[in-house]
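Hi everyone, thanks for making time today. I'd like to walk you through one model, from its sheet to its ligands, and then finish with a couple of single residues.

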Amino acid sequence: MTQNLLSTNRYFDFNITNYCNAGCPTCKRYTIPDNSYEENVVKPFLQQNKIHMDFNDYKKILLFNEEFFMGKNAQFCGEFGDPFMHPKIEDFTLFSCDIFDLLKINTNAGFNRKKYLRNVAHLKNKLCIFFSIDGMTNKTNNVYRVGVNTDLAFENMLLWNDLGCKSRWDFIVFQHNMDDVEDVIDFAMKNEIFLILKINLRKSYRNILKITKDQYDQIRKVVKKKNYKNMQFQDYYE
Ligand SMILES: C[S@@+](CC[C@H](N)C(=O)[O-])C[C@H]1O[C@@H](n2cnc3c(N)ncnc32)[C@H](O)[C@@H]1O
Ligand code: SF4
């Protein structure tokens, strides 16, 4: 008997845009050459086919399969672009929350959409935004999050929290920002933000370096000392 994998899947990831306002060097949008002297560029298929998903097409996909999607969860993870670059992100959000139990959205957080945050705040039990901010200052955040306005990113994360919604802070630990970790935990504690400390698992490119096992152990000591309950700390993989 063939197992229907879709029938057991609870999460559906939709790539609603391949536009991005940032240039994170080891994002899957980039070629990431093995030879670090070679230039790292946005993959040609993304440069040649810049596209936002048509909102009416999305609606049709959900409505044609409404019974199937009801009671399940969706995510705009943004594998090849940032979901907040979609001009109709509000329509996508409202409609998705009508159909799905939960919608998760990942973003570099440097968006100019405070009105959006206020307009969708009533969905706080169905909408979960993950703010990817990888530094306490613009200097450290911009090493990986090239081009992101860090002040704006923090403003958005704090506004979402002030609106009584579920802010999740995705902080990826690299060699260049590991010294920020203590301040990051303090900031998350002070502002009651759920913190997810991730480890960069991608291959290193130029100054974007994965932490070593020893560095991971140092960070683990900091995490233990802080004893913040409202956080996750990802395991280290060689
Ligand atoms: C590719 S991003 C796209 C969404 C959004 N633009 C962002 O950056 O969060 C989706 C997820 O991948 C994660 N990510 C990006 N670069 C990563 C890296 N080098 N190592 C681990 N996770 C990474 C982000 O933190 C985010 O949770
Ligand atoms: S913000 Fe997200 S999608 Fe854009 S380049 Fe960075 S990791 Fe990739």
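Before the sheet itself, a word on pairing: two strands count as a pair if DSSP finds at least two bridges between them. And please keep in mind throughout that this is a predicted model.

With that in hand, let's look at the sheet. It is open, it has seven strands in the order 1-2-3-4-5-6-7, and the pairing is parallel. Which strands stand at the edges? Those are strand 1, residues 11–13, and strand 7, residues 231–233. Each has a single partner strand, so one side of each is left without a neighbour in the sheet. Neighbouring strands here are turned by 20 degrees against each other on average, if we ignore direction.

Let me zoom in on two of the pairings. Strand 2, which covers residues 73–76, runs parallel to strand 3 and is joined to strand 3 by four bridges. There you can find Phe76 opposite Ile105 of strand 3. On we go to strand 3 and strand 4, again a parallel pair, this time with five bridges. Here Leu103 sits opposite Leu127 of strand 4.

Strand 4 deserves a moment of its own. Is strand 4 mostly covered or mostly open? Mostly covered: six of its six residues are buried.

The largest nonpolar core has 45 residues, and the ones with the most contacts inside it are Phe131, Ile133, Met157, Trp169, Phe171 and Leu195. Several elements give two or more residues to this core, among them strand 2, helix 5 (89–99), helix 8 (150–162) and strand 6 (194–199). Which element gives the largest share? Strand 4, with five residues.

Apart from its neighbours within four places in sequence, Phe131 is in contact with Thr107, Ala109, Ala153, Asn156, Met157, Ser167, Arg168, Trp169 and Asp170.

Now for the ligands. How many residues surround ligand 1? There are 18, and the closest are Gly78, Asp82, Asn106, Ser132 and Arg202. Strand 3 (102–107), strand 4 (127–132) and strand 5 (166–173) each supply at least two residues of that shell. By class, the shell around ligand 1 has six nonpolar, seven polar and five charged residues.

Around ligand 2 you'll find Cys20, Ala22, Gly23, Cys24, Cys27, Arg29, Gly78, Gly81, Asp82 and Asn108. That shell divides into four nonpolar, four polar and two charged residues.

To finish, two single residues. Phe45 is in helix 2, residues 44–48. Is Phe45 buried or exposed? Phe45 counts as exposed, because it has 9 C-beta neighbours inside 10 Å, and the cut-off for exposed is 12 or fewer. From Phe45 to Ile208 there are 163 residues in sequence and 24 Å in space, C-alpha to C-alpha.

The other one is Glu182, in helix 9. With 15 other C-beta atoms within 10 Å, Glu182 is partly exposed. Glu182 and Lys226 are 44 residues apart in sequence, and their C-alpha atoms are 8.0 Å apart in space.

That's my tour, and I'm happy to go back to any part of it.

Notes:
Residues numbered from 1 in each chain as written. Chains lettered and ligands numbered in written order. Predicted model: local features only at pLDDT ≥ 70, side-chain atom pairs only at ≥ 80, totals over all residues. Near = placed C-beta within 6 Å. Nonpolar A, V, L, I, M, F, W, Y, C, P; charged D, E, K, R; others polar. Axes fitted to C-alpha atoms, helices over the stretch in contact; angles between N-to-C directions. Core = buried A, V, L, I, M, F, W, Y, C linked by C-beta atoms within 7 Å. Buried ≥ 20, exposed ≤ 12 C-beta atoms within 10 Å, placed from the backbone. Contact = placed C-beta atoms within 7 Å.
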